[in-house]
Amino acid sequence: MKTKLTITIPCVMAILLAICLTQPGCSKSSNAGGGSGSASATSVQNIGSDTMVNLAQAWAEEYHKVDPSVSVEVVGGGSGIGIAALINGTADIANSSRKLEAAEVEKAKAKHGHDPREFMVGYDALSIFVHKNNPLTEISLDDLAEIYKEGGATTKWSQLGVQNIPGAQGDDIVRVSRQNNSGTYHYFREVVIGKKGDFKAGSVDLNGSKDVVETIARTPNAIGYSGLGYATPEVKIIKVAKKKGEPAIQPSIETTLNKTYPIARPMFMYTPGNPPPHIQKYLDWIISDTGQKIVKDTGYIPLPKK
Amino acid sequence: MATEVQTELASGKPAQIPDRPERGAAPSGKPKRASRGLTAIIGEKLIEFIIRVCGISAIIFVFGIFFFVFREAAPLFFEKHKAPAPDAAAVERHADDHSPAHKQFSLKEFLFSKEWYPTSQSNVRYGVRALIVGTLSVTALAMLIAVPFGLGAAVFVSEFCGGKLKETLKIIIELLAAIPSVVWGFIGLTVMNQIIQNVFNAPIGLNMLNGAILLALMSVPIMVSIGEDSLKAVPDSYREAGLALGATKWQLVYRVLLPAAKNGLLAAVLLGVGRAVGETMAVLMATGHAVTIPFFKTDGSFNPWFMFEPVRTLTATIAAELGEASEGSQHYRVLFLIGVLLFSITFVVNLTADMVIRGIKKR
């Protein structure tokens with residue numbers, strides 16, 4: 001009797017839990033197709049860039065207050081995942097921190113019959129992070145390339161003139177990078193290493209923008225790149241100069257918009273074709289002053305005012 | 001019907017249910033069986049069939065998985081100079097843009113090159129030597145830590161402690177096995193990271209040692225439970241004989257029990273190896289995920305502190321990259337080929353284990 005009870009109770013609980021979990025999911029997906037339900041929300045699948053995921057989440061939450069009939073579901077993972085989802089037709093909106101490549105446009109066109117639409121929704125200043133104890137204050141793109149590119153000569157902090165970082169173990173530079181499908185990885189390769197170049201093997205390749213900053217915060221020997229919005233007090237953003245000898249620029253809203261900061265990039269949202277009205281409304285709201293204020297609040301750079 | 005069967009069974013004449021025949025009695029002396037209802041016979045056949053399917057299903061699953069994984073990887077060997085694009089126009093244009101980016105896949109490069117650049121714009125290289133070395137070195141280091149701990153704990157639990165302590169230990173060790181691997185990864189990322197940096201003065205705490213310690217902790221519970229079972233399976237007469245000869249407890253364990261339980265202990269270790277090779281999430285989070293061969297410095301000399309270098313394993317590479325590789329592309333297929341490679345590694349490990357155990361049995 002006792003054993004029977006001990007088996008049945010968890011079973012019943014598991015079944016109840018399963019029912020609880022599946023119920024709202026079912027109702028949502030059935031409404032997503034119809035889209036006419038007034039009480040429950042139409043769901044919009046918003047998939048892509050890990051750089052943008054915080055921002056997209058903030059937009060989705062805020063927009064739900066503006067228009068409760070639309071529920072935007074944000075999934076991160078990386079620009080590559082968003083674009084793949086756009087091509088496969090599982091995303092209503094794909095976030096990307098890089099432009100679509102020609103081959104990807106072809107694929108989307110082959111699948112959906114028309115070109116994907118591009119919406120620029122803000123900027124991100126790709127920032128170079130070091131540990132907060134690191135005395136380094138600025139770096140040039142050339143130096144960065146020597147650290148990161150295949151065949152680059154810089155492997156020690158002393159080669160950059162940095163001595164005795166408090167808490168650091170030895171002189172080695174620990175290069176923190178991103179997984180090789182990340183939009184940020186592609187952008188960094190393009191502007192710092194050069195399109196034809198490749199990363200030096202042996203960098204610590206992490207799967208998220210936030211992971212990069214957190215790892216640098218725990219590793220005094222580290223250097224890495226991530227979105228400006230991910231800055232924390234544990235890490236230090238250093239100024240970046242386009243060339244050796246040129247003035248180094250702090251990433252900020254001003255320096256991004258006047259194009260003096262050398263590694264700022266636009267952030268995009270893509271739809272498979274012309275968006276349906278409820279998505280068009282959402283995208284319009286994102287570009288509006290309210291939407292752009294959220295860009296600023298989450299640490300990214302809003303579009304210039306017209 | 002069921003009640004009928006029951007009554008039939010209940011009313012079975014006592015003469016037909018004799019005392020259990022003595023061991024070694026001739027089969028001719030076997031009594032007639034009690035007759036049963038049709039449903040009982042059908043039910044038994046059905047259950048027999050279901051159990052048979054359950055038994056064979058393992059074969060079906062293994063071959064099925066191997067087939068599907070290999071099917072995704074196979075086109076690599078047959079496609080010639082084709083870029084993975086859906087229509088011909090894109091293929092041509094792509095090929096014109098950066099023709100060296102999509103060259104013919106070479107198995108030799110795959111196995112022996114240490115350059116892993118699957119998304120390079122100029123020169124795509126799929127070499128997994130560094131990843132193979134990463135997997136094997138993390139596993140080996142993990143086993144170096146786990147085998148003494150695991151087998152030691154098994155001997156202690158089975159032979160040296162009794163009663164309450166034994167029960168408590170067994171429950172807690174099983175609890176250790178129940179911790180999800182992502183939680184281990186989290187511990188590696190936060191706690192172990194700091195400890196390794198501070199204790200060993202390593203430049204980065206996410207490294208081979210970190211991953212190996214986590215893998216060791218994860219495979220110890222398996223080793224302990226299976227090792228303990230195999231020690232328990234040694235007949236008590238061995239222990240009694242040993243003690244009767246005046247052996248100390250340690251002599252008994254070392255000279256009698258360990259040789260007697262050899263097969264089971266080897267199986268315990270190899271299951272631990274299997275767990276370590278296949279583990280993904282914890283190593284993805286804790287090893288630093290860097291494509292390097294940790295045994296050599298940049299100038300080619302031997303690196304004595306290789307255990308403090310970040311490494312990357314085969315499993316972690318699949319986990320990190322498969323989600324973003326577009327379906328049907330060369331990168332996607334190469335990731336499946338890594339799956340085939342992993343499959344082969346575990347197959348070889350299991351096969352050697354089997355052969356070793358058989359070899360021991362024959363002797």
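## Reading strands, helices and a chain contact

Trainee: Which residue in β10(A) is the bridge partner of Ser96(A)?

Mentor: Phe268(A) in β10(A) is the bridge partner of Ser96(A). Keep in mind that this is a predicted model.

Trainee: In which sense do β3(A) and β10(A) pair, parallel or antiparallel?

Mentor: Antiparallel, over 3 bridges. Strand β3 of chain A covers residues 93-96, and strand β10 of chain A covers residues 264-271.

Trainee: And in which sense does β1(A) pair with β3(A), parallel or antiparallel?

Mentor: Strand β1 of chain A, residues 42-48, pairs with β3(A) in the parallel sense. That pairing also has 3 bridges. Look for Asn46(A): this residue stands opposite Ile93(A) in β3(A).

Trainee: How do I read the two faces of a strand?

Mentor: Start with the general idea. Side chains in a regular strand alternate between the two faces of the sheet. Now the case here. In β3(A), Ile93(A) and Asn95(A) are on one side, with Ala94(A) and Ser96(A) on the other.

Trainee: Are those four residues of β3(A) buried or exposed?

Mentor: All are buried, and both faces of β3(A) are covered.

Trainee: Now helices. How do I describe a packed pair?

Mentor: Use the angle between the two axes and the distance between them. Take α7 (residues 163-177) and α9 (residues 208-232) of chain B. Their axes come within 8 Å and cross at roughly 140°.

Trainee: Which residues make the contact between α7(B) and α9(B)?

Mentor: From α7(B), find Ile173(B), Glu174(B), Leu176(B) and Ala177(B). From α9(B), find Val220(B), Pro221(B), Ile222(B), Val224(B) and Ser225(B). They divide into 7 nonpolar, 1 polar and 1 charged.

Trainee: How many residues of chain B are in contact with chain A?

Mentor: 35 residues of chain B, in contact with 31 of chain A. On the chain B side, α4 (88-97), α8 (181-200) and α14 (314-321) each give two or more residues. The largest share, 3 residues, comes from α8(B). By type, this side has 14 nonpolar, 17 polar and 4 charged residues.

Trainee: How many helices and strands does chain B have?

Mentor: 15 helices and 2 strands. Of the 363 residues in chain B, 34% are buried. Now take contacts in chain B between residues at least 6 apart in sequence: 70% join residues at least 24 apart.

Definitions and conventions: Residues are numbered from 1 along each chain as its sequence is written. Chains are lettered from A and ligands numbered from 1 in the order in which they are written. This is a predicted model: local features need pLDDT of at least 70, side-chain atom pairs count only at pLDDT 80 or more; totals for chains, interfaces and linings use all residues. Axes are lines fitted to C-alpha atoms, for helices over the stretch in contact, and angles run from 0 to 180 degrees between N-to-C directions. Two residues are in contact if their C-beta atoms, placed from the backbone, lie within 7 Å. Ala, Val, Leu, Ile, Met, Phe, Trp, Tyr, Cys and Pro count as nonpolar, Asp, Glu, Lys and Arg as charged, and the others, Gly among them, as polar. A residue is buried if 20 or more other C-beta atoms lie within 10 Å of its own, exposed if 12 or fewer, and partly exposed in between; C-beta atoms are placed from the backbone. Two strands pair if DSSP finds at least two bridges between them.
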